[in-house]
Amino acid sequence: MTLDPRVNAFRPDLADRRLEGKVESRHFVDGRPERVTVSAAALRREPRPDAAQETEALFGESVLVFETTEEGWAWVQLDADGYVGWMASAALGQADSPTHRVAVPRTLLFPGPDIKLPPLMGLPMGALLTVSGEAEDRNARYDLTTPTGAVVAQHLGAPGEHAPDFVAVAERFLGVPYLWGGKTTLGIDCSGLVQMALAMAGIDAPRDTDMQERALGTRLAGIEPLRRGDLVFWKGHVGIMLDGQMLLHANAHHMMTASEPLAEAIARTAARGSAVTSIRRLGS
């Protein structure tokens with residue numbers, strides 16, 4: 001069985017020690033755990049700033065580092081979905097285990113509990129933080145984080161708190177620009193939208209559309225009426241049904257996350273020679 005290099009860390013010269021005996025490589029090493037310390041870190045195919053972005057890792061996400069280069073790159077595997085690629089070493093560091101997660105599309109990390117202070121950075125939905133205390137000023141209540149910073153308390157939730165409707169989470173990305181490999185409100189792609197929305201609802205999903213089509217839900221025979229939450233797949237694309245007719249998807253036609261009648265999306269893609277490959281339903 002051939003292992004998928006997208007989610008297994010191996011190259012001819014270096015590989016994850018856990019794969020020893022399963023792949024051929026000159027050297028096997030243990031991964032070193034670190035966490036993302038920037039708002040969102042691009043994971044690239046190659047150690048170059050102009051290389052294609054495969055996905056993003058969000059603030060506080062844990063990764064395993066297998067190699068660092070003198071040029072400032074790290075070859076890593078994301079703990080959340082197993083994706084492997086190159087990330088800027090400067091985006092990584094040591095951090096405490098997270099206690100909270102950003103539950104809104106985007107929030108601000110302030111250097112202290114004062115909304116008039118210039119923010120240190122924006123934090124995307126799903127970013128993980130370690131809360132070390134609370135503070136209040138005349139404007140808001142804050143959760144103090146480690147490293148030093150403050151986020152308004154109502155924007156955070158515990159990692160175990162799950163949204164009841166993943167489709168409602170996905171709808172919060174309406175109008176967000178389309179970005180290949182993106183996972184935030186600054187830019188998101190079709191499978192990133194599905195993965196992020198499901199993650200906030202407590203459902204693990206792989207990163208790419210072909211993986212999602214194999215792993216998520218059960219395939220509909222094609223005669224059942226569609227309903228909210230059904231996933232519609234084309235080769236290299238996926239969308240989420242808002243109801244029996246409307247499709248929500250991050251797509252390169254609108255260059256944003258948009259809602260449109262499924263029939264229109266099917267007709268447009270069919271004109272380019274692409275047909276729906278399956279429709280899958282989560283749960284019962």
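Predicted model: local features only at pLDDT ≥ 70, side-chain atom pairs only at ≥ 80, totals over all residues.
Visitor: Is glutamate 46 buried, exposed or partly exposed, and what of arginine 48?

Guide: Glutamate 46 counts as partly exposed because its relative accessibility is 39%, and arginine 48, at 34%, counts as partly exposed as well.

Visitor: Which parts of the chain does the salt bridge between aspartate 165 and arginine 228 link?

Guide: The side chains of aspartate 165 and arginine 228 meet with an N to O distance of 2.9 Å. This pair links distant parts of the chain, 63 residues apart: aspartate 165 sits in the loop between strand E16 (156-157) and helix H1 (166-171), while arginine 228 belongs to the loop between strand E19 (218-219) and strand E20 (231-234). Aspartate 165 is partly exposed, with a relative accessible area of 26%, and arginine 228 is partly exposed at 37% relative accessibility.

Visitor: Where do aspartate 189 and arginine 207 lie, and are they buried or exposed?

Guide: Aspartate 189 and arginine 207 form a salt bridge at 3.1 Å, N to O. Aspartate 189 lies in the loop between strand E18 (187-188) and helix H2 (190-200), and arginine 207 in the loop between H2 and helix H3 (209-215), so that the pair links distant parts of the chain, 18 residues apart. To judge burial, one needs the cut-off of under 20% relative accessible area; aspartate 189 is therefore buried, with 6%, and arginine 207 is buried too, with 1%.

Visitor: Which residues are linked in a network of salt bridges?

Guide: Such a network joins Asp4, Arg6, Asp208, Asp210 and Arg214.

Visitor: How many residues of H2 are buried, and what follows the helix?

Guide: As a general idea, an α-helix has 3.6 residues a turn, so residues three or four places apart point the same way. In this structure, H2 is mostly covered, with 10 of its 11 residues buried; among them are Cys190, Leu193, Val194, Met196, Leu198 and Met200. After H2 comes glycine 202, which has a positive phi, near 85°.

Methods. Residues numbered from 1 in each chain as written. Heavy atoms only, no water. Buried < 20%, exposed > 50% of the residue type's maximum accessible area, 1.4 Å probe, protein only. Salt bridge = Lys/Arg side-chain N within 4 Å of Asp/Glu carboxyl O. Helix = DSSP H or I, 4+ residues; strand = E, 2+ residues; numbered from the N terminus.
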